[in-house]
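Welcome, and thanks for taking a look at this one with us. Please have the sequence and the 3D view open side by side as you read.

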Amino acid sequence: MKLYSRGQVARRIFYGVAAVFVLTAVVFYNLGKKAAAPKDSLALEEEQNSEPAEMETVPAEEFVLPVAGSTSVYTQDENENISVYKNCNEAVVNINTKVTSYDWFWDPYVTDGGSGSGSIIDKRGYILTNVHVISGATKIFVSLYDGTQYEATVVGEDIDSDLAVIKFDPPAGVTLKTIPFGDSSKLVVGQKVIAIGNPFGMERTMTTGIVSGLGRPIQNSNNRIIRNMIQTDAAINPGNSGGPLLDTSGRMVGINTMIMSSSGSSSGVGFAVPSEIAVRVVNDLLKYGKVQRGVINASIVQLTTRIAQYAGLDISTGMLVSEVEEGSNAEKAGLRGGTKGVYYGNRNNILYLGGDIITKIDGISITSLAEYYSALESKKPGDVVSVVVHRNKKDVTLKITLAE
């Protein structure tokens, strides 16, 4: 057996490791050089021919869809909608108000109020809207279709119909588009109608629907009953108030006023004041600043069960006549007031018991103050109305000439 010294063993190990290192370096160098070398055309051709047929790419032009002709064809219904919107949308304005509020120290400051819609009805800048849209406003601003904004003033308000007329001064050279009135008395249930307004601040939004009901007596937010309201399923939302309800000819047959909803949004039951009422109201507001309505010159109080029990009456609904103006048409027609004075509500109000109880006006039942005003809403001074009163447990009919 051959023996080795420690030095010989160390040298053999060192030479072995060095040989392995050099061999490894040579192998990696050759591999890297082969990868970097360009492939010749034959190799490339072989690789292309070796690809599976199903992996071939589809030409891009096969993904392009055909484009329809540039001429659009609309249905008759679509053409009606397009025509009405084109002719009327520029006459619909967005109304925003400023109101006065008070801080904790009762110092006044101006803040944003409500918003709604309106229709330009005259090229001089007259706009028809709802009373509740501008109620309590210290400043009123109207925005036109082109984004220009103007400050408006109130010409007149009529709380009984919830209609108001405001006005702004258009600049010289500006010609305003207007919306003409239609005849609401000729509407029929099922007829198509179109609403344009600013729901939720989205300017000049159009919705369509039908007349879903006519002659609806609806009590509005001002506690007034407006008779003959138009019911529609055209979507009406907050911000639509004061905007026009149009027929397919682009004529305003109603003024969108309110919705019936438990959520505050459209549920398909909206109401508009008929143009028949609006025309009369607008004419009076422009001429007098208020609506000229006939009145019965009497002091009246809504009858309640408590008052009826106290007075020993046999009915508990109607309008109790407390006093009748001396020498008035009502007195001449035979309307009677009470004779027994009692305090009513507080020590400052005196009610006279024993007088007539108004139960009907021109065939309309009167059970509340709202119904009383509603029955006289369309009447003018000088009109003669048939008034049924309950007197001494009997009904008596009177003919009363209304006063201013």
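The model is predicted, so local features are described where pLDDT is at least 70. It holds 16 salt bridges, and five residues, Asp158, Asp160, Arg280, Arg293 and Glu377, are linked in a network of them. The largest nonpolar core has 26 residues.

- Arginine 293 pairs with aspartate 160 in a salt bridge, with 3.4 Å from N to O.
- That pair links distant parts of the chain, 133 residues apart: arginine 293 sits in the loop between helix H5 (275–288) and strand E13 (298–302), and aspartate 160 in the loop between strand E5 (149–158) and strand E6 (163–167).
- Glutamate 377 also forms a salt bridge with arginine 293, and here the closest N and O atoms are 2.7 Å apart.
- Arginine 280, another member of the network, lies in helix H5.
- With a relative accessible area of 15%, arginine 280 falls under the 20% cut-off and is therefore buried.
- Setting aside residues up to four places away in sequence, arginine 280 touches Val291, Arg293, Glu377, Ser378 and Lys380.

**A salt bridge between lysine 379 and aspartate 362**

- Lysine 379 and aspartate 362 meet through their side chains in a salt bridge, at 2.8 Å from N to O.
- The two partners are 17 residues apart and belong to distant parts of the chain: lysine 379 to the loop between H8 and E19, aspartate 362 to the loop between strand E17 (357–361) and strand E18 (364–365).
- Lysine 379 counts as buried because its relative accessibility is 19%, under the cut-off of 20%.
- Aspartate 362 has 35% relative accessibility and so counts as partly exposed.

**Nonpolar cores**

- Which residues have the most contacts inside the largest core? They are Leu128, Leu163, Ile179, Leu246 and Met252.
- At least two residues of this core come from each of helix H3 (76–88), strand E3 (126–130), E6, strand E7 (192–197), strand E9 (225–232), strand E11 (252–259), strand E12 (270–274) and H5.
- H5 gives the largest share, five residues.
- Leaving out neighbours within four places in sequence, leucine 128 is in contact with residues including Leu163, Val165, Phe181, Met252, Ile255 and Val282.
- Another core, of 19 residues, lies apart from the largest one, and among its members are Ile296, Met319, Ile358 and Ala375.

**Helix H3**

- H3 has 13 residues and reaches 18 Å from its first C-alpha to its last, close to the 18 Å expected at 1.5 Å a residue.
- Within H3, the residues Asn81, Val84 and Cys88 are buried.
- These three lie on the same side of H3, because they cover an arc of only 70° around the axis.
- Gln76 and Lys86, on the other side of H3, are exposed.
- What covers the buried residues of H3? The cover includes strand E1 (92–102), E7, strand E8 (205–219) and strand E10 (244–246).

How values were computed
Residues are numbered from 1 along each chain as its sequence is written. This is a predicted model: local features need pLDDT of at least 70, side-chain atom pairs count only at pLDDT 80 or more; totals for chains, interfaces and linings use all residues. Side-chain values use heavy atoms; hydrogens and water are left out. A salt bridge is a side-chain nitrogen of Lys or Arg within 4 Å of a carboxyl oxygen of Asp or Glu. Helices (H or I, at least four residues) and strands (E, at least two) are DSSP runs, numbered from the N terminus. Buried means under 20% relative accessible area, exposed over 50%, partly exposed in between (1.4 Å probe, protein chains only). A nonpolar core is a set of buried Ala, Val, Leu, Ile, Met, Phe, Trp, Tyr and Cys residues joined through side-chain atoms within 4.5 Å. Contact means heavy atoms within 4.5 Å. The expected span of a helix is 1.5 Å times one less than its number of residues. The arc is that of the directions from the helix axis to the C-beta atoms.
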